[in-house]
Amino acid sequence: MTFFKKRLNLFLYLVMFFLLLGAALPVAAQVPASKHVFLIMEENTSYSSVVNTASSTTYMPWLVSQGNLYGHATNYLTNNAGSLLAYLWVSSGSCENSARCTLPPGTNNFGCGGGSCTSTITDDNIYREMAKAGKSWRLYAEDIPSTGYTGLGQTVCPDPYCQYDPHHNGPIHYSDIINSTTQANNMVDFSQFTTDMNAGTLPQYSFIIPNNLHDAHDASPAQADLWLQNNIAPLLSQPYFQPCGDGILIITFDNDDLDQSGLVYTAVIGPKVIPHFVSNVRYQHQNALRTMLDALGITTYPGDSATAIPMKDFFGAPSACPVLSTTALSYGDQTLNTNTSKTVTLTNNGNAAMSITSIIATGDYSQTNNCGVSLAAGASCTTTVTFKPTVLGIRNGTLTFKDSAPSGSQVVTLTGNGVSPAPVVSLSPSSLNFGNQNVGTSTTQVETLTNTGTGALSITSIAATGDYTQTNNCGTSLAAGASCTTNVTFTPSAGGARAGTLTYTDSAAGSPHVVNLTGTGVSIVSSNTYVSTLGVDTNVCSRPSPCLTFAGALAKTSAGGEIDVIDPGEYGPITINKSVTIDGGGGLTAGIVTGGNGYAIVINASNVNITLRNLDITGATIGFSGITVGPGVTGVTLHVEKCVITSFAGIGIDFEPGAGGQANQLLVTRTSVRNNVKGGILIANAKAALNAVASARNSFGVKAIDGAIVEVRRGSAGGNTSQGYAAQSSGGAVQLSIVDSISAANGGNGIDSAVVSGGSAIIRLSNVTVTENTGTGLANSGGGQILSLSRNGQGTNNISGNIGGNGAPTGVFARR
Amino acid sequence: MRKFHSSIKATGFILVVLTAASFAQAQTRTWVSGVGDDANPCSRTAPCKTFAGAISKTASGGEIDALDPGGFGAVNITKSITIDGGGGPVASILPGVGASAVNISTANINVTLRNIELAGVTTGATGVSVSAASGVVLHLENVAISSFTGLGVDFEPTAGGTANQLFMINTTVRNNAGGGILIANASALLDNVRSDFNGYGVKAIDGARVSVRDSDASGNTNIGFVAKGTAASAEMNIADSTSSNNGSNGIHSASAGQPTIVRVSNVTVTNNAGIGLANSGGGQLLSFSQGGQGTNNVAGNTGGDGAPTGTLPRQ
């Protein structure tokens with residue numbers, strides 16, 4: 001056991017030793033992996049010409065500036081005279097002609113020269129390897145006549161494609177391209193390059209050949225440089241050429257000024273190139289080929305690239321390269337002591353693992369992360385930063401990554417604003433539309449109030465207007481995050497659009513909060529409606545679907561229609577605003593009881609014709625008035641048939657319409673009006689006919705006042721506490737005719753004609769019995785007249801037995 | 001399973017009714033029905049069985065209505081009330097043997113009976129019995145009172161004079177052995193009343209002031225209309241009416257020590273077995289006259305037509 005433990009400890013020491021050793025030793029330089037490799041081949045310019053600042057025609061200032069900014073080779077020697085051979089060297093690592101070079105292993109003689117080969121090259125090449133590896137490539141050839149064009153001859157100007165030079169197109173000499181349309185179609189015009197670049201669809205390997213005017217072949221190197229600046233500079237703005245990007249651009253020349261093997265300027269450009277690097281290592285085109293193959297991850301090396309060293313000195317040792325998804329986070333307003341989280345992604349775009357020393361958030365910010373202590377090349381990790389302000393106001397902080405990248409640390413600035421807790425009202429939906437609804441019927445929708453804020457919401461009131469009512473479960477306070485509902489009920493009172501509002505008055509910003517309510521009342525009225533004690537007022541008041549109250553039915557009864565009663569019951573007080581007949585039915589007790597100080601029936605519309613029939617209208621000694629008309633209405637015709645109007649604290653029938661005089665008419669038939677404390681029937685400003693009307697035990701029986709013309713037949717007025725029948729003028733004309741009737745046992749005068757203050761009062765009697773009254777039988781005052789119908793000069797009325805005296809008519813009128 | 005559900009519903013309904021009852025002890029309008037129950041609150045949906053059961057649940061000044069035809073039992077009225085049987089169905093009261101159908105014994109109340117049949121079926125004692133001290137107002141509208149062994153309407157408050165009031169409209173009193181309508185110590189107005197085939201038709205006695213219009217007293221075994229002052233004066237005024245076919249006098253003014261006056265106008269008195277216009281003990285029977293001539297039609301009475309004791313000129 002002890003022995004085993006010692007062995008284990010020794011093993012651990014060794015592991016730690018090698019780990020420390022690995023961290024401390026310099027790692028050899030290598031070409032970084034890249035999915036964005038670019039090669040541009042220029043023509044026939046020596047190194048010395050390119051860098052010759054004294055020459056306005058050969059100096060290539062842009063190229064040199066890029067070579068200085070990134071890296072360039074000072075000892076790059078081209079292989080063979082003749083253009084095409086350079087393009088073959090960077091394609092298959094060979095001159096492909098045993099007479100021009102010692103054929104590298106694996107390559108063969110295809111008789112190639114500066115312009116063409118005697119046979120199609122079948123050796124391995126970069127295009128074949130790219131295809132085998134499933135990697136994309138394209139040749140961007142300026143002015144190539146068409147996509148996939150493999151022609152070998154150059155056209156003569158002014159042919160539009162005359163500047164395209166097949167001698168500078170390597171791929172068209174390989175069987176891979178000639179025999180495959182797919183591969184051939186990787187050759188496109190240079191105009192496609194900008195399109196692909198902007199679309200983000202550039203291939204992993206792009207081979208760019210400017211035309212003869214732009215590659216220094218037929219024009220000056222300075223012009224070639226200008227073309228580079230105009231067409232290639234934008235490439236360097238792409239993300240893969242930004243820090244930590246993987247872009248690699250090599251710009252070189254096929255040969256020296258005389259198209260001979262010589263030193264040429266070669267720039268190596270990319271974020272991972274050691275800045276300002278100058279390489280004195282002897283390189284040739286096969287080294288450039290090897291460099292690109294290594295970057296692209298191709299491990300089968302055509303021709304001499306198998307043994308050529310890559311240009312790795314440009315890149316130095318692998319390094320980490322951290323990239324943040326953002327360098328600033330803004331949290332906006334945040335309620336004190338609440339929190340909001342945002343994330344930052346850290347990606348290692350380098351080609352070496354990055355050790356993470358610390359991740360620290362400052363201020364009112366805290367962080368959690370899944371980064372661990374090391375982030376592998378190409379890997380990402382996420383840091384969640386939480387803002388929880390502790391005091392009001394702007395709260396700044398930083399998130400700092402300390403790591404092993406050359407820069408050492410990455411910083412994200414953090415900003416936010418601490419605000420006080422506050423409620424926020426959110427109403428859903430923002431408005432309610434109830435659509436069409438029958439008048440007098442109801443439908444309900446639900447409005448939801450949510451406090452999306454951070455403080456409790458105080459609710460002062462919730463109110464609905466118009467034809468809308470509401471009930472709610474909101475209470476007076478709603479906690480942050482809580483919801484409550486309001487049931488809004490639409491009961492249109494009339495047809496047409498019925499707008500309203502639901503208003504929340506509360507402690508949140510923007511109060512009052514208003515929800516617009518819309519709906520359309522649909523009037524369904526019929527000429528004959530019904531009530532029943534088993535009905536409901538939301539019904540249409542039809543015979544099978546009766547309503548519960550007269551008031552409910554009236555709304556659904558057309559003007560001039562009739563409300564009928566199905567069964568005995570009490571159908572409530574009603575205000576009548578249109579012509580209508582209400583019939584309690586002959587065999588029923590259809591009642592109205594009026595409680596409190598209320599009115600049983602009020603007629604409040606002008607120019608209406610109303611019939612009340614077979615109704616038992618009871619005040620139960622507390623209701624104020626049985627039937628009330630006026631004073632604001634005119635043109636009212638009221639029929640009261642076979643009704644009882646009893647026990648009101650006020651008047652049984654108070655018929656006092658406004659101006660219109662005799663256009664107002666009251667017709668009462670076979671009706672009892674009794675026990676009404678302020679009087680039985682009071683008529684003003686109207687014509688009235690009372691037939692078989694019993695008026696008993698009221699204050700007065702029947703009283704006609706200003707503007708009334710009343711006829712009574714077969715009536716009885718008995719036991720009233722004041723007059724039985726009275727005409728009383730206070731400025732207007734009053735006429736009361738009584739035939740075949742009786743006034744008996746009243747507490748005041750039996751018949752009383754009085755002019756109180758101007759005007760005239762005339763009572764005409766025919767066959768009227770006036771007896772047993774406590775006051776005077778026939779009384780007149782102030783010039784009021786009582787005229788007795790006479791036969792042969794004698795009246796026809798039976799006046800006797802009145803305690804206060806029988807009195808006498810003031811005159812007679814003759815029968816005719 | 002279905003039946004079980006029904007039971008649950010029924011139980012729920014009863015609970016609701018009982019709850020309602022506990023909150024509605026005195027309503028302004030109560031209801032009786034032939035299928036009601038006096039344990040109910042007498043509401044429209046839970047009616048009572050009898051008028052007596054309903055009255056205790058009806059507020060003073062309120063109304064008891066009948067939902068359907070039925071016999072709703074004798075009732076002792078102790079508060080102002082309206083009892084309305086409804087115009088169509090027959091709501092009736094059949095008292096027990098020797099009992100009154102409606103008994104009013106409380107002073108200062110105002111009672112209406114409307115659309116009701118009070119049926120003594122030859123065993124009940126009295127149709128409407130008023131024996132209260134004073135201040136009684138009774139309206140009888142469209143009521144039929146028949147076949148009692150005693151009186152149809154016995155309106156005899158014990159005090160208060162004409163503060164007591166009887167109003168009878170469109171009412172029939174018939175076949176009551178003791179008599180049709182007896183009024184004492186009250187004022188009364190009878191309009192379109194028929195009092196037929198009773199012991200007598202209408203009798204006004206001590207303290208009564210009765211006015212009759214458009215009414216009949218026919219076929220009674222005794223007198224048609226009679227006033228009789230014994231302990232106090234009595235008056236009866238009759239207009240536009242008929243007294244016929246009675247077993248005794250048609251109209252009789254019978255003073256028994258107190259002034260008694262009957263006034264008649266446009267009354268037909270005919271075919272009575274006794275005297276048409278009779279008076280006794282100094283009772284006055286005054287005929288309204290037109291042009292010096294009475295206005296009444298008195299003829300064909302078996303015991304003689306009699307004559308008014310005087311006239312009153314019409315005015």
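In this predicted model, A:Cys162 touches A:Thr155, A:Val156 and A:Cys157, leaving aside residues up to four places away in sequence. A:Cys162 belongs to the loop that runs between strand 3 (137-141) and helix 6 (175-178) of chain A. The C-alpha atom of A:Cys162 is separated by 8.9 Å from that of A:Pro145, a residue 17 positions away along the chain. With 16 C-beta neighbours inside 10 Å, A:Cys162 counts as partly exposed, because a residue is called buried at 20 or more such neighbours and exposed at 12 or fewer.

A:Tyr140 can be found opposite A:Ile208, which lies in strand 5 of chain A.

Most peptide bonds are trans. The bond from A:Ser428 to A:Pro429, however, is cis, with omega near -5°. A:Pro429 sits in the loop between strand 18 (425-428) and strand 19 (431-438) of chain A. A cis peptide bond also joins A:Ser511 and A:Pro512, where omega is about 0°. Here the proline, A:Pro512, is placed in the loop between strand 26 (500-506) and strand 27 (513-522) of chain A.

Attention now turns to chain B, which has two helices and 28 strands. Of the 315 residues in chain B, 62% are buried. Among the contacts in chain B with a separation of 6 or more, 61% are accounted for by residues 24 or more positions apart.

Chain B, too, has backbone details to point out. Most residues other than glycine have a negative phi. B:Asn170 is not a glycine, yet its phi is positive, at about 50°. B:Asn170 lies in strand 12 (residues 165-174) of chain B, and this residue is partly exposed, with 19 other C-beta atoms within 10 Å. B:Asp240, likewise a residue other than glycine, has a positive phi near 55°. The position of B:Asp240 is in the loop between strand 19 (234-239) and strand 20 (242-244) of chain B. B:Asp240 is buried, as 22 other C-beta atoms lie within 10 Å, and the cut-off for a buried residue is 20 or more.

Finally, the two chains meet. The contact draws 47 residues from chain A and 45 residues from chain B. On the side of chain B that touches chain A, strand 2 (residues 58-66) of chain B gives the most, with five residues. Sorted by class, this side of chain B has 19 polar, 14 charged and 12 nonpolar residues.

Key
Residues are numbered from 1 along each chain as its sequence is written. Chains are lettered from A and ligands numbered from 1 in the order in which they are written. This is a predicted model: local features need pLDDT of at least 70, side-chain atom pairs count only at pLDDT 80 or more; totals for chains, interfaces and linings use all residues. Helices (H or I, at least four residues) and strands (E, at least two) are DSSP runs, numbered from the N terminus. Two residues are in contact if their C-beta atoms, placed from the backbone, lie within 7 Å. Ala, Val, Leu, Ile, Met, Phe, Trp, Tyr, Cys and Pro count as nonpolar, Asp, Glu, Lys and Arg as charged, and the others, Gly among them, as polar. Two strands pair if DSSP finds at least two bridges between them.
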